[in-house]
Amino acid sequence: MTILGIDIGGSGVKGAPVDPADGELLAERFRVPTPQPADVDSVVEAVAEVAAQFDGFDSIGVTFPGVVVDGVTRSAHNVDKSWLDAPAARLFSERLGKPATVLNDADAAGVAEVAFGAGRDQSGLIMMLTFGTGIGSALFLDGVLLPNTELGHLEIDGADAELLASDRIRESEDLTWEQWAVRVERYLRHVEMLLSPRLFIVGGGVSKKSEKFFPLLDIRTPIVPATLLNNAGIIGAAMAARQAVFDGLAPLGGHRAL
C-alpha cells in the first residue's frame with residue numbers, strides 16, 4: 001500500500017508518498033509555501049497542489065497545526081480562524097478524491113519518531129516536543145499515543161509557553177542560544193514537574209542545531225534530538241492514514257504508533 005503523507009507547517013506545505021511499513025519516502029518531497037492567510041480554502045488548495053505531483057497512492061494522511069478530533073479541527077492558534085470546527089478530513093477527501101485522515105502535526109511527528117526514530121523501543125512515558133512557530137507536544141505511554149495534548153500552551157510565568165520559548169520567539173527577539181536555553185529549561189522543568197517523563201525527544205527545525213543548546217540545559221530527564229527531522233510529519237501522517245484504512249479509525253489516539 002502506498003500512502004501520501006502531507007505536512008502542513010507554518011511556512012510550507014510538503015508531502016511525499018510513503019511506505020508506512022518501514023517509514024521510507026518513495027519519492028522526493030514536494031513543497032509549496034503555506035498560504036497567507038492560511039484560511040481553509042487556500043490551505044486545501046495548497047495540499048491539492050502538493051498531491052498533484054504524485055500518483056498511484058491509495059489514501060492520504062495530513063497533519064494540522066492544532067487539535068483534531070474525528071477529522072474536525074478544533075483549534076487554530078497558528079492558522080486562520082476559519083479552521084475552527086472545520087471538517088478537515090472531509091474537505092481534503094472531497095478535493096483529492098481519496099480517503100483522508102487528519103491529525104495534529106506534533107502527534108504525527110511523534111508517531112514517526114516512536115516507530116522509526118529516537119523513541120523506538122522506548123517504554124514508559126515519552127514526550128515529543130517540536131519547537132518551531134509554536135511548541136507542539138506528543139505524549140506516548142508504552143508506545144501508545146495520547147492525542148492532542150497541546151502542552152505548548154502551558155502557562156509559564158503568566159504567559160503561554162510558546163510565546164516564551166518557541167523557535168519563532170528566539171528568532172523574532174534575536175535571542176542568543178544561551179538566552180533561549182534559559183527559557184527552554186524553564187519550560188522543560190515545568191513539564192518534568194507535571195508529568196515526570198522518561199525521555200524528551202526534540203523535533204522541529206531547531207533539532208538540527210541541538211548541539212547549540214542541549215549542553216546548556218540543566219534538567220533531570222534525558223533529552224535527544226529527533227532523527228527523522230523534516231520527514232517526521234509526512235511519515236506520521238501516512239502511518240495514521242494506514243491505520244485508518246485497516247482499522248476504520250481516525251485519529252490515532254489509543255492505538256500503538258505502528
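**Salt bridges, burial and a pocket**

Q: What makes E185 and R189 a salt bridge?
A: In this predicted model, the side chains of E185 and R189 come to 3.5 Å, N to O. A salt bridge needs a Lys or Arg side-chain nitrogen within 4 Å of an Asp or Glu carboxyl oxygen, so the pair qualifies.

Q: Why are E185 and R189 said to be separated by about one helical turn?
A: Both residues are in helix α6 and are four residues apart, which means about one turn lies between them. An α-helix has 3.6 residues a turn, so residues three or four places apart point the same way.

Q: What else does E185 touch?
A: Leaving aside neighbours within four places in sequence, E185 is in contact with L216, L217, D218 and I219. A polar atom of the E185 side chain lies 2.9 Å from the backbone nitrogen of D218.

Q: How do you know that D157 and R186 form a salt bridge?
A: The closest N and O atoms of D157 and R186 are 3.2 Å apart, and the cut-off is 4 Å. This pair links distant parts of the chain: D157 is in the loop between β12 and β13, R186 is in helix α6, and 29 residues separate them.

Q: Is D157 buried or exposed?
A: The relative accessibility of D157 is 59%. Exposed means over 50%, so D157 counts as exposed.

Q: What caps the N-terminal end of α1?
A: D39 does, with a side-chain oxygen 3.3 Å from the backbone nitrogen of D41.

Q: Which elements do the buried residues of α1 pack against?
A: They pack against β1, β2, β4, β5 and α2. The buried residues of α1 include V40, V43, V44 and A51.

Q: Why is I126 called buried?
A: I126, in strand β9, has a relative accessible area of 3%. The limit for buried is under 20%, so the label applies. Beyond its neighbours within four places in sequence, I126 is in contact with A138, L139, F140, R198, L199 and I201.

Q: Which residues are closest to the centre of the largest pocket?
A: The largest pocket has a volume of about 1,000 Å³. Of its 47 lining residues, G10, G132, T133, G204 and G205 are the closest to the centre. Elements that give two or more residues to the lining include β1, β2, α3 and β9.

Note on methods
Residues are numbered from 1 along each chain as its sequence is written. This is a predicted model: local features need pLDDT of at least 70, side-chain atom pairs count only at pLDDT 80 or more; totals for chains, interfaces and linings use all residues. Side-chain values use heavy atoms; hydrogens and water are left out. Buried means under 20% relative accessible area, exposed over 50%, partly exposed in between (1.4 Å probe, protein chains only). Contact means heavy atoms within 4.5 Å. A polar contact is a pair of N or O atoms within 3.5 Å; within protein, one must be able to donate a hydrogen and the other to accept it, and residues adjacent in sequence count only if both atoms are side-chain atoms. On a 1 Å grid over the protein atoms alone, a cavity is a set of points where a 1.4 Å probe fits but cannot get out, and a pocket is an open set with protein on both sides within 12 Å along at least five of seven lines; lining residues have an atom within 4 Å of a point. Grid points are joined across faces, edges and corners, and a volume is the space filled by probe spheres set on the points.
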